[in-house]
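Subject: Structure handover

Hi,

Here is the structure I promised to send over. My notes follow below it.

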Amino acid sequence: MSFAYPSLLFLLLLIPAIFGMWYWARVARRKKLRRYGRLSNLEQLMPEASKYKPAIKITLRLLALAALIVAVARPRAGEKEEIESTRGIEVMICFDVSNSMNASSTDDINGIARIERAKYLLGNLIDKLSNDKVGLIVFAGEAYTQLPITTDFVSARMYLDEISTSMVPTQGTAIGTAINMAINSFTPAEDVNKAIIVITDGENHEGDALEMAQYAKSLGIEVDVIGVGSIKGAPIPIGRNGEFLKDETGAPVTTYLNEKMAREIASAGNGIYINGSSQKALGTLVSQLDKIKKSDLQHISYKASAEQFPLFIWIALILLVIDAIVLPTKVAWLKRYTFFSQQKVAAKSVKKSPSTPSDKK
């Protein structure tokens, strides 16, 4: 059996941790009860309370939680793997997540944020790259691989939706670092054509962007740039109270779309520059990528019958139903029986004890 998201199985470590906290709470409860007298006497005041039901219920709940965690990790079993050959290219997306991407993408300071506009464009682009491989890098002052090159477009959309400007703590616009990381993120296959898409407002970019774009060109990798933002500039919002970032003098900081720099990077990388605010932006980018010669790519997919997560979901559901049925009180028909009671043991001991001389008289 294999898992689509094996890292999620680390969540199973929560099971013993939760059980430990539950057991500690039970021990603490018994200590508190001892302040009021012997537990055997106090138990007689709570005839409906069961000694064993709480342990049964926590066991059912933890097993259900474990089953759900395994289900989310998407277990797969059986010879259900399929390898399909398609023709496409490899595309690495470099996404700017610096704070300036929170500014408006239009001349209206209350317009849609640049980062949201960029996510909308790339989300639609990913839908059109079904025969290609795609990867995702986020960058500000530093760059990080968010998604390695893959054919798993479901994951690509998921990671894209989670992008925010809080992902990279170091501020700046390290486009050169991002391009270099993208170059090293492609597969080593030499017969597959590759492209890098940089989406940025170009604000405060660092100086090695042109050199890295030229280096990518020398390797046969095209670098296209999508610029988002307003040429007239926009303030950078902070928080949700309508406040804007200010400089040392108290004046609002204005961030501009640096189209000149974006065009230079695209030219150095043998690609094109596209204004992200244009209604034809997506179509222009798709047409540009279609010009790149396609190569044979292998897609590994799984038949629906290989997915085992429904089984674990059913197990979790059944366990939760049983937990709902099992009440924390004693079972009514078992109340007539006194298993291991002190009275019964005492009665047996009296029968076995020898009679005294006075009794014989």
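This is a predicted model: local features need pLDDT of at least 70, side-chain atom pairs count only at pLDDT 80 or more; totals for chains, interfaces and linings use all residues.

By salt bridge I mean a side-chain nitrogen of Lys or Arg within 4 Å of a carboxyl oxygen of Asp or Glu. Residues are numbered from 1 along each chain as its sequence is written, and side-chain values use heavy atoms, with hydrogens and water left out.

The chain averages a pLDDT of 80, and 79% of the residues score at least 70.

With the salt-bridge rule above, the count is 7. One of them joins K260 to E264, at 2.7 Å from N to O. These two residues sit 4 apart in helix α8 (residues 259-268), about one turn of the helix; helices are DSSP runs of H or I with at least four residues, numbered from the N terminus. K260 is exposed at 60% relative accessible area, while E264 is partly exposed at 34% (buried is under 20%, exposed over 50%, partly exposed in between, with a 1.4 Å probe and protein chains only).

D201 also pairs with R114, their closest N and O atoms being 2.8 Å apart. That pair links distant parts of the chain, 87 residues apart: D201 is in the loop between β7 (194-200) and α7 (209-218), R114 in helix α4 (residues 114-127). Both D201 and R114 are buried.

Finally, K57, R61 and D323 form a network of salt bridges.

Best wishes

Terms used. pLDDT is the predictor's confidence in each residue, from 0 to 100.
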